Amino acid sequence: MKYQVDERGYYGKFGGAFIPEMLYPNVEELRTNYVSIIESEDFKKEFDDLLRNYVGRPTPLFLAERLSEKYKAKIYLKREDLCHTGAHKINNTIGQILLAKRLGKQKIIAETGAGQHGVATATVCALMGMECIVYMGKLDMERQRPNVERMRILGTKVVPAISGNMTLKDATNEAMRHWINHPTDTHYIIGSVVGPHPYPDMVARFQSVISQEIKNQLTNETGNPFPDYVIACVGGGSNAAGAFYHFLDDEHVNLIGVEAAGKGVDTNESAATTALGKIGILHGSKSLLMQTEDGQVIEPYSISAGLDYPGIGPMHAHLFSTGRVQFLNATDDEAMNAGIELSRLEGIIPAIESAHAVAVLKKLELSDEDIVVVNLSGRGDKDLETYIKWGKY
Amino acid sequence: MNRITHLFSSKAENILSVFYTAGFPNLSDTISIARELERAGADIIEIGIPFSDPVADGPVIQESNKIALDNGMNLKLLLKQVKEIRQEAKLPIILMGYLNPVLQYGIEKFCSDAAQAGVDGVILPDLPLHEFENEYKSCFEKNGLLNIFLISPTTSESRIREIDAASKGFIYSVSASSTTGAKGSFSEDQVAYFKRLQSLKLKNPQLIGFGISNYESFAIASKYSSGAIIGSAFIQFLKSVSDFKLEMASFINSLRARA
């Protein structure tokens, strides 16, 4: 358990809860209750039931034969793209809304970048009949119009964040401000393994169903629960946290996180936090953060709206600094090519976020016997515009 | 003696603390605003260290942060400016900001440079009590800097007592569950909170902040505490006048005397 959060809310030197006093009661309420709620039989039953019958879990573990042939290894795709709403994000929103209900909250807020977490939140709020407000950068609202409309159809109010660069970081700021102003009746569903403790641990637990299923499915398929590699993309890091979770203590499983290099880590347009960031504090936790020498947060860039966050979750910062997870990155070009390749070889158009994970297959020295699991975190429907603009297919 | 401690030992009521963002509206205004405020009779100045992501602030202070950063303000330059302010200024100077710029500056270096420049206290809203006590307290104490903690209407009594025990100087009492910003008047709930706080008989004096904008709100806050902090309304004043030097005295007077 040496990679899990400690009782102070830290992963090694990363984590904590750096929040203004106005949020202390809310975060403290969560901190003191989340484990007992999540581990209660009644919660587990409702959570598991919704994951099975509403989300469509377990998601398949698909042996991608043509991709395997190309990269000379046995490559499985964990099909999170087949979850209801099209990505892994809903695993977490189901968990958090059940938790919010048990804490007696009536209203839900969330931030969203590409809109996947916003849609997943709007969806569970509709399901549970709860009022929902999603903050989204004004620029992202223009770039991701279909997801804005999906949220509105689901009855959610989408509020544009008009501060800063009007993207995910600013939407998160606005959601936190809203929470400061509405501390008693509102639960904030954070979409990634970021934010003050206990959010990173809570979100990782809800997403850990991914690696639990991989273990079960591999055992059924091969008789061995352990793959040689698990590969997942990392923006804030929720799908990676879920895909790695039950393998963290099995050190013989190579865990690979893939960040968005944007136009290249040597350009000023990148989102590769482990390559470019240093220790800092944003949105309530101490982690690796892309920032100037003066400690001002730098706006990251990636073609993928789900990966352009200036930090990573504290758990990932710890996994990076201990060397437990190897962090690689893929440029816009590499990710787009990988997305097209997966479409052609397997008939699966991946989300551009997930295409980053596929893109590093060619960077690994794989052998025929290696069993590789790529976490396909989302589907590409939302990215059609970007694929079309890209044009090289 | 620390100037904050000295102030509260010599004056128990109607203390006016004024917040403004360093480097706003222009880079060098940090210095002239401080001088004018002292001349106009402010008791404390709180200078904001601009940050790219001020999550506890409303739109007015957010905008001033952005403009200050665009003007080229940073912590290193701010400490130089404070040194210059301190050549003449007698009043307590507090720096207020978010933790990350301080962390990047280096906490040891920050404490020693700030104290040398003439800073008396620091307010870092995203530095919670136990983190302060674990990692920062000794450095603050070594340099004679006071760390000012916040409490709000949702802070439990036991936590208020804990914060009171850990505080020196004064406690920053946030008037409502909200981000910073001028509201005009206080609700009954807020006044009830002020009364409750007053009845706790804390060892530290309190200043009430957030939502102070005029004579009425300053007077009510001062009735239930040692005084008040004005921020967003002062930033708005700076934005609205063509020459703040000419208007400073009347602005400060308008808070202390009914128009």
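Between chain A and chain B of this predicted model, 17 residue pairs are in polar contact, both residues being at pLDDT 80 or more. A polar contact is a pair of N or O atoms within 3.5 Å; within protein, one must be able to donate a hydrogen and the other to accept it, and residues adjacent in sequence count only if both atoms are side-chain atoms. On the side of chain A that touches chain B, the elements giving two or more residues are α1 (24-38), α8 (168-181), β11 (278-282) and β12 (285-289). The largest share of that side, seven residues, comes from α8(A). Helices (H or I, at least four residues) and strands (E, at least two) are DSSP runs, numbered from the N terminus.

The rule finds three salt bridges across the interface of chain A and chain B, a salt bridge being a side-chain nitrogen of Lys or Arg within 4 Å of a carboxyl oxygen of Asp or Glu. Lys286(A) forms a salt bridge with Glu135(B), with the closest N and O atoms 4.0 Å apart. The contact (heavy atoms within 4.5 Å) takes 33 residues from chain A and 34 residues from chain B. The area buried between the two chains is about 2700 Å², and carbon and sulfur atoms give 53% of it. In chain A, the most area is lost to chain B by Glu21(A), Met22(A) and Arg177(A), together 24% of what that side buries. Buried area is the accessible area (1.4 Å probe) that two parts lose on being put together, summed over both.

Turning to backbone geometry, the peptide bond from Arg57(A) to Pro58(A) is cis, with omega near -5°. Pro58(A) lies in the loop between α2 (41-55) and β3 (61-63) of chain A. In chain B, the peptide bond from Phe24(B) to Pro25(B) is cis, with omega near -5°, and Pro25(B) lies in the loop between β1 (15-21) and α2 (29-40).

Thr85(A), although not a glycine, has a positive phi of about 80°. Its place is in the loop between β4 (74-79) and α4 (89-102) of chain A. Thr85(A) counts as buried at 7% relative accessibility, where buried means under 20% relative accessible area, exposed over 50%, and partly exposed in between (1.4 Å probe, protein chains only). Asn14(B) has a positive phi near 55° and is partly exposed, with a relative accessible area of 34%.

Residues are numbered from 1 along each chain as its sequence is written, and chains are lettered from A in the order in which they are written. Local features need pLDDT of at least 70, side-chain atom pairs count only at pLDDT 80 or more, and totals for chains, interfaces and linings use all residues, while side-chain values use heavy atoms, with hydrogens and water left out.
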